[in-house]
Amino acid sequence: MIFERLLVWQEAHQLVVSVYKLTATWPTAERYGLVSQARRAAVSIPSNIAEGAAKRGQKEFGRYLDVALGSLAELTYLLRLARDLGYMAPREHDALDPLRAHTAKLLWGLYRKMRPTRE
């Protein structure tokens, strides 16, 4: 599929894999709370990139990228919350953050390319 060739999708996919591994160590009491929400937010990022890439036209793709950006912002907060609650060590957060930040940089760049002007 075309989306699999996009570096931003590849990075977002790696972010999902990392989030799944990390959240497996969080408290079982959070299985249906923070764990589920963090995983859903993470999965939403590459899913929306993939779905948007399958749509026709830049404007439509841009709309899906916008949703992916929102999910990335949500995930960023959830990871910070988990760190602050002690569900993950600061070093775990710091180890994951470069991948999250690089994904954000790539996603924002593609979004700007697909939606160069504000509506």
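Select Arg100 and show its contacts (heavy atoms within 4.5 Å): apart from neighbours within four places in sequence, these are Leu15, Leu72 and Thr76. This is a predicted model, in which local features need pLDDT of at least 70 and side-chain atom pairs count only at pLDDT 80 or more, while totals for chains, interfaces and linings use all residues. Residues are numbered from 1 along each chain as its sequence is written, and side-chain values use heavy atoms, with hydrogens and water left out.

Stay on Arg100, which is part of helix α4, residues 90-114 (helices are DSSP runs of H or I, at least four residues, numbered from the N terminus). With a relative accessible area of 16%, Arg100 is buried (under 20%; exposed is over 50% and partly exposed in between, with a 1.4 Å probe and protein chains only).

Next, select the aromatic residues. The structure holds 3 aromatic pairs (Phe, Tyr and Trp rings, the six-membered one for Trp, with centres within 6.5 Å; planes under 30 degrees apart are stacked, over 60 edge-to-face, the rest tilted). One of them is Phe3 with Trp9, edge-to-face because the ring planes stand at 70°, with centres 5.1 Å apart. Phe3 is buried at 16% relative accessibility, and Trp9 is buried at 14%.

Now move to Trp26 and Tyr87, whose ring centres are 6.4 Å apart and whose planes are at 45°, so this pair is tilted. Trp26 sits in the loop between α1 (7-23) and α2 (34-54), and Tyr87 in the loop between α3 (58-84) and α4, so the pair ties together parts 61 residues apart in sequence. Colour by accessibility to finish: Trp26 is buried at 4%, whereas Tyr87 is partly exposed at 22%.

Technical notes
Helices (H or I, at least four residues) and strands (E, at least two) are DSSP runs, numbered from the N terminus.
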